[in-house]
Structure formats: structure tokens, C-alpha cells
Amino acid sequence: MLIIMALSITGCWSRKELNELAVTIGLGIDKTEQGYRITTQVVAPRQAGSSSGTGSPPALVMSTEEKTVMEALRKMTTKLPRKIYLSHLSILLIDEAIAREGVLNALDFLFRDHEVRPNFDVVIVRNGSAHDALSILTPLEQMPARDMFDSLNESEKVWAPTAAVTLLDLMKWFNTEGQQAVITGLNLVGDVEKGKGKDNIAVLDSPAKFEYSGIGVMKDQILVGWLNDSDSKAYNYVTGKVKSTVGKVECPDKEGQYVMELVHSETKIKPLIRNGEPAASVEIAVEANIAEVECKLNLNDRKVLEQVRELAAQKTKELIDHGIKEVQHRYASDIFGFGQKFHQKYPKEWKKWRNEWRRYFSKMDVEVIVKYEIKGRGRIVNPIQKGLVE
């Protein structure tokens, strides 16, 4: 009995002591002539364990170049006395050159490695290098990579033209028929070199910043183009990812605008067959509040409120219509997952269409139906006008 118990109780044979690891929260991959430049943002152990702070940066940024990603990570030990540990990775940045050539080779190691948890976000740096992006100090968060992660996920929740795409999402998309991948883009704004120093967090207006901008459209594993903010928002509407956002609408008299705050939305995609060809309807139910009014509206009048609702619904429908057509005609890449819906509902027809799905998708008729409901008008009902209080 003692021998059997000894075999089953292995203890901590695979343990890794914290003082032997370089905990990495941000990883960057840039294309070079030699292969790849790998940049790691590592938590500085002294700063992490200090309550008072030592005045040193809270994270270290290190880079190496090699033919493959894994070689570059192992080579990092020539500059660091610890092994790179990726289990706490928050964000992965890749440069646009890699995305334009295809991301699978660069990501293969991360797909395979047993220590990597595939729940970190993946972002494409549009106008610079991943190394520069990870080297910028940020004022709100001690760890710049964590700042990027939080900003992306908060933007997806309340603004909507961004998409927080994880490595696990990419793994699913690359192995799924009828849906292509997307990856959000990041721009570097201002003086990047100044952004790498303490001056970037010592002044009110930082010399260098990062800004998420646009969703990248993938065809297979290759980046083929970018969507603007409106079309990116349309993508999130169709895929059911809009949690909250705002949008402006022209007032009925065309003299000013009002802003609607979306508080809830649901999307249903129905694949259809018309005259032997694929078609689809996208039904989106929206609940919103009137958040801001810049024109004279009597919101106590039901007819006026109905007019406001109809204009907001029409504006939302036009935005989604344009986003779908833009992707169909410019990129012919089914990032919305219509093909996956056909695969599930019409498997026999899908076998006929699957090899030419890009052609079918690019000309497919998609009907957008928006059901819009106004839930609230804010703390005041009608806009405050000059002289009203006097």
C-alpha cells in the first residue's frame, strides 16, 4: 500500500520557482531579414515586490533576433538570468509585415507550447514595430502591456469599433469552415523615442501614445485590408459583439444632432436559399437611451419620440448595410460567419458551395432588419433652452 501511494503522490515534481522565471506580460514579433525580432516585456521583480518603489521602470523590455520564434526566446537567456515564462501573457503584438505575409508561421510556437495559455489578445501594429509599441511607457498603468490589454477590452465593451481577439479565437477561426479571422490594429501616435523615457509619464500630455484603430480583415491567414471605425462597428453588430456604444443621428429638422447610447443588442443570422443561391437575413434588436440632444425636440410628444426612434433605426441599418457590402465587394472574405451558418443548416448545399464560397459570399444578398427600442431619455426629458430657467 505504501509503494502504491508513493507512486500516485508525485508532489511538486514540475514546480517552477518564481525567482527562476522571467514573467512576461507582453510579447512582440517583428519581421526582419534574419527571421524574427522577438521583444518581451518582463515584470521587473524588484519593483513588483516593493511597496515603496525604487524609481526603476516596473517592466523590462528585451529583444533578440533569430530564424524562429522559439530560438529567439531561448536566446533571451543570454541577456536575462531567467527563462522566459509566457503563462501570464496579456497581449501579443505583431507587425503588419508579418500579417501581410501570413501569421501562421509566426504563431505556430504559441499554438503548440504547453505553457502558453491562449487567452491573451492578439493585435497588429499598423504604423511601426511591435518593439517600439512595447517600449512606450504609459501613465495610467505601471505595466504598459497591461494598459494595452485593458484599453482594448474596455474599448470593445463601450465603443465597439474594436475587437478583442484572443489566440484561442484565431485557433478556432483557422480551423473552421465558413468564417475568416479578424485582428484589431494599433497605431503609435507622437514621438515614439520620447515615449520610451520617463518624460512620457512625467507630463500631463504624453509625447507618445498608442491608439486602437480599425479591424484587420484576414483571408485565410493573410491580412488583406482594414475596416474603418463605422465598418468595424458594423462587423461587431453582425457578429453579436456590441455590448454598448454610442452613435449620432441628424435631428428631424436637420439643425443639429442627437446621440443614442446603446445599452443592449442581440443578433440573429438566418441563412436562406433563394433560387438555388445562398442569401441571409440579419436581425438586430437594439435597446438604447437618448444620451445627448443638440436640437429642439419635444420628447414628451410621442410622435416626435417615434420619429427619433425611426431615424436612429435607419441610421443603424445603413451603417450595418454599408459594412457588410464593403467586406463583400472589397475583400470577399466572410468574416461574419455566414458560411458557418450555411454549413450547419444546409450541409448538402454547403458541400457544393464551400470551394467557391468567396465568390458566393461576395454577391450574396443580405437583408438587414433593425428592431430599435428607446428605453430612456435621461435625467432631463427635453433639451435645456436659453431663457427656460429665467
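**Entry 1: strand β6**

I started with strand β6 (residues 121-125) and found it mostly covered, with five of its five residues buried. For me, buried means under 20% relative accessible area, with a 1.4 Å probe and protein chains only. Strands here are DSSP runs of E with at least two residues, helices are H or I runs of at least four, and both are numbered from the N terminus.

A note on what I am looking at: this is a predicted model, where local features need pLDDT of at least 70, side-chain atom pairs count only at pLDDT 80 or more, and totals for chains, interfaces and linings use all residues. Residues are numbered from 1 along each chain as its sequence is written, and side-chain values use heavy atoms, leaving out hydrogens and water.

Next I checked the two faces of β6. In a regular strand, side chains alternate between the two faces of the sheet. I found Asp121, Val123 and Val125 buried on one side, and Val122 and Ile124 buried on the other.

**Entry 2: the neighbours of β6**

I looked up pairing, which takes at least two DSSP bridges between two strands. Strand β5 (residues 91-95) runs parallel to β6, joined by five bridges; Ile91 has Asp121 as its bridge partner. Strand β7 (residues 182-190) is also parallel to β6, with three bridges, and there Val123 stands opposite Thr184.

**Entry 3: helix α11**

Then I turned to helix α11 (residues 229-238): eight of its 10 residues are buried, so the rest of the structure largely encloses it. Among them are Tyr235, Tyr237 and Val238. Just after α11, I noted that Gly240 has a positive phi of about 75°.

Terms used:
Buried means under 20% relative accessible area, exposed over 50%, partly exposed in between (1.4 Å probe, protein chains only).
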